[in-house]
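Subject: Structure for you to look at

Hello,

I am handing over the structure we spoke about. Please open it alongside the notes that follow.

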Amino acid sequence: MKAIVQDAYGSADLLELRDIDRPVPGDDEVLVEVRAAGVGPEVWHLMTGRPYVARVALGLRRPKNPVRGWDGAGRVESVGAKVTEFKPGDEVFGNCEGSFAQYARAKAAKIALKPANLTFEQAVALPVSGMTALQALSGKSRPKPGQKVLVIGASGGVGCYAVQLAAMYGAEVTGVCGPTGADFVRSQGASHVIDYTREDITDGPHRYDVIVDNAGLRPLPVLRRALTPRGTLVIVGGEGGTSFFGGMSRGLRAVTLSPFIGQNLRNLISVARREDLLTLKDLAEQDKITPPIDRTYPLAEAADALRHLEKGHPRGKIVLTV
C-alpha cells in the first residue's frame, strides 16, 4: 500500500511516499481503508518530535510509528477477534494512527460510525479538533446562555469548533484571529472579532466568563486580566513555549495556581473517546456544527499540506484525500 513515511524527526522535507506492507489489526482494532486524513498541529508534533519531552511516548531517537497521520475516515476493511461494534463495510471516523496511508489500524474504542450527512473529507475534519473543543467547553467551562466567551485562535481547527459550540450553548462569543480571518470567524458564530495585530484582548471594558486559548502565545497574567474574577481559562494543548517543554510549563503554572485563586485555570490535553465522537456525530447530523475545511491535498502532497499548516492561519481544517 502507499503511505507517507518518515524515518527521522524533522521538517516536511523528510516525508516520503512509499510502498509498505498493509498493517494487521490487533484483537481490539479494526483495519480502515482510509479515504481522508486530517492535518493538524498534532501531526506537526509527530513530525518534528517537539516538544522534545513528547519523544518519551513518540520514540526517543526516531518515530516509533514511521507513518504519519492521526485522524482518519474511511471504510472498515476487517475487524479484530474481540471487536463486535463494527463490521466490514462500515463507514467510520476517528483516531487512526498512521492515517496518511491507504490502510490504517484503529482502536475500536476510538472510532465511531461516520455522520451520515458528511463526506469522508468533512468527517475527518471532526475528530481531534472537534473533540478538543468539546472537552474544552465541558464541565465548569461550559458556558451558560448570555455569558461572554473569548476564543483565541478562533480561525483554526480547534478554534472554529469552539466558536460554534459556545454560540450553540447561547454564549456571546468573541473570536481572536488575524486580519484576514474576521469574516470566517463571524461565519462560525462569533458576535465580535478581535484582530490581534491591532488590539489586545485586555483592551476595552469587557472581561470574559470563559477563555479558550488555542494559540499558546500570551503569558498567564495577561489571560487572567481578560478573565472575570470567577471565570474559567482553558489552555489547550502544549502550543508555544520552549523546544523542550512546549507550552506545558505555562499549563502547569496555571493548574498549580488555580486552587489558590477565584478563577478556574485548566490545562487541557484532549483524549480520543468514542462518546465524544458520538456527540459530534449527533451534532453534525442535526446541523448544529459544520466542519469547515481550509483546503484539501492528495496523499502524495502531504508535505505541502504540512508546510501550509506551518505558515499559520488556516481557516478550519486541512485535509488529505486518499
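Thr 228 counts as buried, because its relative accessibility is 16% and the cut-off for buried is under 20%. The model is a predicted one. Thr 228 is found in strand S12, which covers residues 227-236. Beyond its neighbours within four places in sequence, Thr 228 is in contact with Arg 207, Tyr 208, Asp 209 and Gln 263.

Tyr 208 also turns up around Leu 150, among the residues it touches. Leu 150 is in strand S8 and is buried, with a relative accessible area of 0%. Not counting residues up to four places away in sequence, Leu 150 touches Thr 174, Val 176, Ile 194, Ile 201, Tyr 208, Val 210, Ile 211 and Val 212. Thr 174 is the bridge partner of Leu 150 in S9. Strands S8 (residues 148-152) and S9 pair in the parallel sense, over five bridges. Of the six residues of S9 (residues 172-177), five are buried, so the strand is largely enclosed by the rest of the structure. Leu 150 and Leu 227 are 77 residues apart in sequence, while their C-alpha atoms are 9.1 Å apart in space.

In soluble globular proteins, nonpolar side chains tend to be buried together. The largest nonpolar core here has 45 residues, and Leu 126, Leu 137 and Leu 165 are those with the most contacts inside it. Helix H5 (residues 157-168) gives the most to this core, with seven residues. Another core, of 17 residues, lies apart from it and includes Ile 4, Ala 305, Leu 309 and Leu 320.

Leaving aside neighbours within four places in sequence, Leu 126 is in contact with Phe 93, Pro 115, Leu 118, Met 131, Tyr 161, Leu 280, Ala 284, Ile 289 and Pro 291. Met 131 is one of the buried residues of H4. Ten of the ten residues of helix H4 (residues 127-136) are buried, so this helix is largely enclosed by the rest of the structure.

Gln 188 is in the loop between helix H6 (182-187) and strand S10 (192-195), and counts as buried at 14% relative accessibility. Outside the four places on either side in sequence, Gln 188 is in contact with Cys 160, Val 163, Gln 164, Thr 290 and Pro 292.

The other is Asp 287, in the loop between helix H9 (274-285) and strand S14 (293-298). Asp 287 counts as exposed, at 61% relative accessibility. Asp 287 has a positive phi of about 60 degrees although it is not a glycine. Most residues other than glycine have a negative phi.

Last, the second largest pocket. About 340 Å³ of space lies in it. The pocket is lined by 18 residues, and Glu 29, Asn 65, Glu 97, Gly 98 and Arg 105 lie nearest its centre. Strand S6 (residues 103-107) gives the most to this lining, with five residues. By type, the lining residues divide into nine nonpolar, three polar and six charged.

Regards

How values were computed
Residues numbered from 1 in each chain as written. Predicted model: local features only at pLDDT ≥ 70, side-chain atom pairs only at ≥ 80, totals over all residues. Heavy atoms only, no water. Helix = DSSP H or I, 4+ residues; strand = E, 2+ residues; numbered from the N terminus. Buried < 20%, exposed > 50% of the residue type's maximum accessible area, 1.4 Å probe, protein only. Contact = heavy atoms within 4.5 Å. Core = buried A, V, L, I, M, F, W, Y, C linked by side-chain atoms within 4.5 Å. 1 Å grid on protein atoms, 1.4 Å probe; cavity = no way out; pocket = protein on both sides within 12 Å on 5 of 7 lines; lining within 4 Å. Points joined across faces, edges and corners; volume = space filled by probe spheres on them. Nonpolar A, V, L, I, M, F, W, Y, C, P; charged D, E, K, R; others polar. Pairing = 2+ DSSP bridges.
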